[in-house]
Each structure stands twice: as C-alpha cells, then as structure tokens.
Amino acid sequence: MDENSTSAVWMSRLETLPLSRSDMNTLVMDYLVTEGYKDAAQVFMEEAGIQSPINLESMSDRIKIREAMDLGNIDLVTQMINDFDPELLDMKPTLYFHLQQQKLIELIRSKNIEEALLFAQTELAPHGEDHPEVLAELEKTMSLFAFSDPENCPFGDLLKPSQKHKVAGELNSAVLESQNQQTTTNLHTLLKILHWSQDMLTQQKVSYPKMEDISSE
C-alpha cells in the first residue's frame, strides 16, 4: 500500500472517532483556566455556553504574578508569591533559584553590570553551593558576563522571552499546586500521549501519516 493510500485509511478511521463539540469546548476551557487566561476564558464561556471548572476570580493571583513576570519585575513577583503563600518558595528551592536567576538576567539585560555582579555573588552563588543541582544553570548564566553583547552570545537564549515564559509557567504550576488544582492542561497530556504513540508506531515500523511540529514539553 502506498503512502497516500495509508494516509487515506488512517484519516477515514479518524473520522469515525466519537469527538463531540462539547469535548472540544471542555478541552479548550481547561487550557484557558489552567494557563491563567481569565479574559479569554470568560469570553469563551459566553460564546460556547460552557461553565468553568473553577471560579474565574480565583485566577487573579496567577494573572498578577504573570503580568509582573512579563515586565521583568522579579522583586514584585517574589513579594506577591510570599504574600500568597509564605512557605511556597522555601519548599521549592529550584523555583526560588529560577526566580533569582531571572532577576540576574534582567539586571544584565538592563546593562546594570555592577549590581548584577554583586547580586550574583551575594545571592546566586550561595544558593548554588547549597543546591548543587542548579550549578550548571548558574554557570551558564554567569557566562553572560564574559560577553560584551550577551544577547548574541552562545547563551543568549537566556535573554529571550521564552526563558521568562518558562519561569512564569513554573510559577503558575506552583500556585495551582498550592491551591490543590490541576497543574497540567489536558491538552498537554494528550500531546504527550500522541508523541509517545507516534514513537511506538515508528519503532514498530508501522506506516502512518505522522503529525509534525508537535511538542511533548
């Protein structure tokens, strides 16, 4: 059977799967609520006629923390986290390190090198000594000092928005966990299952129309 015929068979089978509009709406709502998109969730509730699994007002803390992260105001983020749950960062030293790491990155981004060096020596270095598991990340971040144009150096990815968004995602999950809520979207779980399934089919040398550009992270 050629590739086109195989794809046609797979697509024909997919069309017979029972997937309702209600299932899709629930999946979308779960994503919006878990990721903290309150306004979008409110609009979707009204347009799709679906209820949120939680009170949308309970998302306010997570939204404020994310907004402060987007601005690079790490001191404010830390203060809000401590106000929300004074023990959260103490219980999650790796998360605390990533917050401090992001503060150093923001200082380097703003060319505040003297303050950045002092902060690295007094705050990050001791944390690395106490928690060897973060030493590799610490060394990578400290390497930014060696370049006159850190944004275009081999470690420039640390200065990209994706790094900040990664930390924001960690914070979001930590707050959800402290509220005894689900920390991972159902969509993310489905993508991981899809990724695993495709790996299994490939290992078994099964011919199928592989979906590209999907992430399990």
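First, the ground rules. This is a predicted model, so local features need pLDDT of at least 70 and side-chain atom pairs count only at pLDDT 80 or more, while totals for chains, interfaces and linings use all residues. Residues are numbered from 1 along each chain as its sequence is written, and side-chain values use heavy atoms, with hydrogens and water left out.

Salt bridges, then. The definition is a side-chain nitrogen of Lys or Arg within 4 Å of a carboxyl oxygen of Asp or Glu. A search of the whole structure gives six of them.

K38 is in helix 3 (38-48) and E57 is in the loop between helix 3 and helix 4 (60-70), so the two are 19 residues apart. Helices here are DSSP runs of H or I, at least four residues long, numbered from the N terminus.

Next, the side chains of E177 and K92 form a salt bridge at 3.2 Å, N to O. E177 is in helix 10 and K92 is in the loop between helix 6 (88-91) and helix 7, so this pair ties together parts 85 residues apart in sequence. For exposure, buried means under 20% relative accessible area, exposed means over 50%, and partly exposed is in between, using a 1.4 Å probe and protein chains only. E177 has 45%, so it is partly exposed. K92 is also partly exposed, at 27%.

K164 sits in helix 10 and E106 in helix 7, so parts 58 residues apart in sequence are tied together. Are these two buried or exposed? K164 is buried, at 12%, and E106 is buried, at 13%. Salt bridges with shared partners join E106, K164 and R109 into one network.

Now the helix pair. Helix 2 (residues 21-35) packs against helix 11 at an angle of about 110°, and the axes are 8 Å apart. Axes are lines fitted to C-alpha atoms, for helices over the stretch in contact, with angles running from 0 to 180 degrees between N-to-C directions. The two helices therefore count as roughly perpendicular, a label for angles of 65 to 115 degrees. On the helix 2 side the contact (heavy atoms within 4.5 Å) is made by L27, D30 and Y31, and on the helix 11 side by N186, L187 and L190.

L187, in helix 11 (residues 186-203), is partly exposed because its relative accessibility is 33%. L187 also belongs to a nonpolar surface patch with Y31 and Y37, with about 240 Å² of accessible area together.

Last, the single residues. Which residues have a positive phi although they are not glycines? K111 has a phi of about 65° and N180 one of about 60°. K111 is in the loop between helix 7 (93-109) and helix 8 (113-130), and is exposed at 57%. N180 is in the loop between helix 10 (161-178) and helix 11, and is exposed at 74%.

That is the end of my list.

Key
Patches are made of residues with over 30% relative accessible area and no salt bridge: like charges are joined within 9 Å, nonpolar side chains (Val, Leu, Ile, Met, Phe, Trp, Tyr) within 5 Å. Accessible areas come from the Shrake-Rupley method with a 1.4 Å probe; for residues, only the protein chains shown count as cover. Angles under 35 degrees count as roughly parallel, over 145 as roughly antiparallel, 65 to 115 as roughly perpendicular and the rest as oblique.
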